[in-house]
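Hello,

Here is the structure I said I would pass on. My notes on it follow below.

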Amino acid sequence: MKKIYLAGPDVFFRDADARFGAMQARCAALGLQGVRPSDGGLSSGFAGTGDEIARRICDANVELIRGSDALLANLMPFRNALEPDSGTVFEVGMAVALGKPVAGFLPDIHLSYEDKVIRVCGVQRDAAGLAWDAAHGFMVEEFGQKMNLMLSRSVALFGSFEQALGHLSAVLAKG
């Protein structure tokens, strides 16, 4: 059975068990195994230092990604209004570097990244016409992508978990 690592900030939600249970059930319905990220043994009673727990979680999830056939990422904005969880972005990058198929889902898929920046930060243009976010003064990528170009060019992006899962199911069935 092909394995899909389920990346995303879902581990931080109060209803994480229910969320992963639902995602794993949807994977199973397609003959796939949804792989939940590791907690480093916390649920089994491991009580090391914060550094030891962090190392165990990192190492375990790296191995889970290596052992999976694909990665499905929840790329919703997390702890801010624009950017996905940095741990999830690391996991996506690792899977891409390993040559694994990666699909992601995010809300407001119909909006470009620059539209999202305009909504959250506002935009000011300089004399050359370049866009700068009004809140922080950073240049805004105006390439019409759904996310930062490094994610939008390396990950198949969808508006829902089901669409992303369907895509990965088809990709894995081919090869």
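The protein has six helices and seven strands, where helices (H or I, at least four residues) and strands (E, at least two) are DSSP runs, numbered from the N terminus. Read from the N terminus on, the order of the elements is β-α-β-α-β-α-β-α-β-β-α-β-α.

Two notes on the source. This is a predicted model, in which local features need pLDDT of at least 70 and side-chain atom pairs count only at pLDDT 80 or more, while totals for chains, interfaces and linings use all residues. Residues are numbered from 1 along each chain as its sequence is written, and side-chain values use heavy atoms, with hydrogens and water left out.

Overall figures

The C-alpha trace spans about 55 × 45 × 30 Å along its principal axes. Of the 175 residues, 38% count as buried (under 20% relative accessible area; exposed is over 50%, partly exposed in between; 1.4 Å probe, protein chains only). The protein exposes about 9,400 Å², and carbon and sulfur atoms supply 56% of that area (Shrake-Rupley method with a 1.4 Å probe; for residues, only the protein chains shown count as cover). Among contacts (heavy atoms within 4.5 Å) with a separation of 6 or more, 65% are between residues 24 or more positions apart.

A helix pair

Helix α1 (residues 16-29) packs with helix α6 (residues 161-174) at an angle of about 35°, and their axes are 11 Å apart. Axes here are lines fitted to C-alpha atoms, for helices over the stretch in contact, and angles run from 0 to 180 degrees between N-to-C directions. Met23, Arg26 and Cys27 of α1 make the contact with Phe161, Glu162 and Leu165 of α6.

Two buried residues

Asn61 is found in helix α2 (residues 50-66). Asn61 counts as buried because its relative accessibility is 8%. Its side chain reaches the backbone nitrogen of Ser38 at 2.6 Å, a polar contact (a pair of N or O atoms within 3.5 Å; within protein, one must be able to donate a hydrogen and the other to accept it, and residues adjacent in sequence count only if both atoms are side-chain atoms). Not counting residues up to four places away in sequence, Asn61 touches Tyr5, Pro37, Ser38 and Glu91.

Thr88 lies in helix α3 (residues 86-97). With a relative accessibility of 0%, Thr88 counts as buried. The side chains of Thr88 and Asp85 are joined by a polar contact of 2.8 Å. Leaving aside neighbours within four places in sequence, Thr88 is in contact with Ala7, Gly8, Pro9, Ala73, Asn74 and Leu75.

Regards
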